Amino acid sequence: MALLQTARARRRALRTLALVLGFAPLVGLVVAAVTDRLGANPIEKITHVTGEWGLRYLVLCLGVTPLRRLTGWRMLSLERRTLGLFAFLYAALHLTTYVALDLGFDWASLGEDITERPYITVGFATFCILLALASTSTRAAVRRLGHRWKPLHRLVYLAGIGAVVHFLWLVKSDTREPLIYAAIVASLLLVRLRWALARRRAAAAG
Amino acid sequence: METVRSPGLTPNDATPEEVYLGRREFLSRSALAAAVVGSVGLGCDPQQANATKAAPLPTRALPAVPGPPEFQTDEPKTPYKDATQYNNFYEFGTDKSDPARYAGSLRPEPWSVTVEGEVAKPGRVPLEDLLGRHSLEERIYRLRCVEAWSMVIPWLGIPLGEVIRRLQPTSKAKYVAFTTLHDPEQMPGQRRSVLDWPYVEGLRIDEAMHPLSILAVGMYGKLLPNQNGAPLRLVVPWKYGFKSIKSIVKIRLQESEPPTSWNLSAPREYGFYANVNPEVDHPRWSQARERRIGDFRKRPTLPFNGYADQVAGLYAGMDLRKKF
């Protein structure tokens, strides 16, 4: 396409695509809510949908670097932050739905849930990681944190594991879906481990 | 055959003719049902048109007499749409919308139930014979799911105790065990082993004989939709919903406590008794509150789901934290 001939135009198209895709589930939810198509238990539905999309964007985010190395398409990395912020957005909506709509701001129940129910403990810890990463995602924060920025943002690997464990621990007996996410996250982390080992070997050889 | 009367009725309240005729209609509508079910092939997934289709909702009225007033709740009934589209029936899939989508492959008629164990005459009994001549009662019950949501449902059924009494249990009959149909052709969810199929449930004999326990064949004035456990299901309103086993093909009276599906699947989380109890949390979530479907705020969960006056005596002296 003529429109996408310059690198800048391609970058812009990629950004637009990321934004459209990122907001699509939210728009879908709002439309379903307005047209009364959230089903018999709307609060549960919103909780599940936002949680699922938070996990999906987290997985996509973890997939960016492997995909870039596979395709050599370096531009992909430019949208990694967008995907990460969408993961945070949906995780925040997920937690807000739970605290506001499900618990009705019953802080005592929330405290009890976080301390006594392992899947909520893990889910809340995962949200805290995403909050820390989202709030240090600006250019100014990258500059300010300097060499500490990268180790901090490696916590996203832990967030990926946390999100999957949260999902796995909450289902009643059908573990198929969380196990699919577990397999994807595991392979995305293992491929990084392989790279790290290869780098180390190369460094030792060099 | 003896005429068994509803506990709440006086001898003067003979079964009205239209009710009796209505029951006859229910018993003879199999051909109609087969025709209706057979004609609706356009469901969801065109690639598996036969295996995965929604069941048409029953339309014909099923007359019944009101059940004993002391058992009825006057809380607002859950909308029919919600009660038929938000179901846990893993035989058709684990998503709440799966049963409504896929239960069309179940063939509830004709249906028979195998009666086994400590009874006078074991054997296979056509559903209509199992129900006997007892007229259907409408029982408006609360239903509390172990997942902390609840509904109010007008069931149509007959007391389980009446059925068991007619089976003439022996003195060794201490428990009643129930089994759901096991047929992956009709129940596509059984192709995946999310539970150890077939689904099994059980009650202590005194729980089964309690007048609150019913075998339901209908709800909201009509036959049970497939996704709600057609054609025959248990309803035990003071226990979590998973005790109320659906699409029953076997009833066995026995001396020992029968295994139950969710207890087999996760013994730490689901006990044999599964009485609704706000004091005893599920290991992974609180049971203190519940969301009534249709409500925004949660409400406190009542001991024995609000039926403590009727059933608490069954558990006198038992530690309900241990026997959860």
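Tutor: Helices (H or I, at least four residues) and strands (E, at least two) are DSSP runs, numbered from the N terminus. This is a predicted model, in which local features need pLDDT of at least 70 and side-chain atom pairs count only at pLDDT 80 or more, while totals for chains, interfaces and linings use all residues. Residues are numbered from 1 along each chain as its sequence is written, and chains are lettered from A and ligands numbered from 1 in the order in which they are written.

Student: In which strand does R292(B) lie?

Tutor: R292(B) belongs to strand β12 of chain B, residues 289–292.

Student: Why is R292(B) classed as partly exposed?

Tutor: A residue is buried if 20 or more other C-beta atoms, placed from the backbone, lie within 10 Å of its own, exposed if 12 or fewer, and partly exposed in between. R292(B) is partly exposed because 18 other C-beta atoms lie within 10 Å.

Student: Which residues is R292(B) in contact with, leaving aside its neighbours within four places in sequence?

Tutor: Two residues are in contact if their C-beta atoms, placed from the backbone, lie within 7 Å. By that criterion R292(B) is in contact with S150(B) and R299(B), once neighbours within four places in sequence are left aside. As for R133(B), 159 residues apart from R292(B) along the chain, the two C-alpha atoms are separated by 35 Å.

Student: How is the pairing of strands read, and which strands pair with β2(B)?

Tutor: Two strands pair if DSSP finds at least two bridges between them. Strand β2 (residues 112–117) of chain B runs antiparallel to strand β3 (residues 123–126) of chain B, with four bridges joining them. These two strands form a hairpin with five residues between them, and T114(B) stands opposite R124(B). β2(B) also pairs in the parallel sense with strand β11 (residues 248–254) of chain B, over four bridges; there V115(B) has I251(B) as its bridge partner.

Student: What is the secondary structure of chain A?

Tutor: Chain A has nine helices and zero strands. Of its 206 residues, 27% count as buried. Its C-alpha atoms fill a box of roughly 60 × 45 × 40 Å, taken along the principal axes.

Student: How is the packing of two helices described?

Tutor: The description uses the angle between their axes and the distance between the axes. Axes are lines fitted to C-alpha atoms, for helices over the stretch in contact, and angles run from 0 to 180 degrees between N-to-C directions. Helix α5 (residues 118–135) and helix α8 (residues 155–170) of chain A pack at about 150°, with their axes 8 Å apart. Angles under 35 degrees count as roughly parallel, over 145 as roughly antiparallel, 65 to 115 as roughly perpendicular and the rest as oblique. α5(A) and α8(A) are therefore roughly antiparallel to each other.

Student: Which helix has its axis within 9 Å of that of α8(A)?

Tutor: Helix α9 (residues 176–205) of chain A does, and the two axes cross at roughly 165°; α8(A) and α9(A) are therefore roughly antiparallel. Their contact is made by Y157(A), G160(A), I161(A), V164(A), F167(A) and L168(A) of α8(A) with P178(A), Y181(A), A182(A), V185(A) and L189(A) of α9(A).

Student: How many residues of each chain take part in the contact between chain A and chain B?

Tutor: Nine residues of chain A are in contact with 13 residues of chain B.
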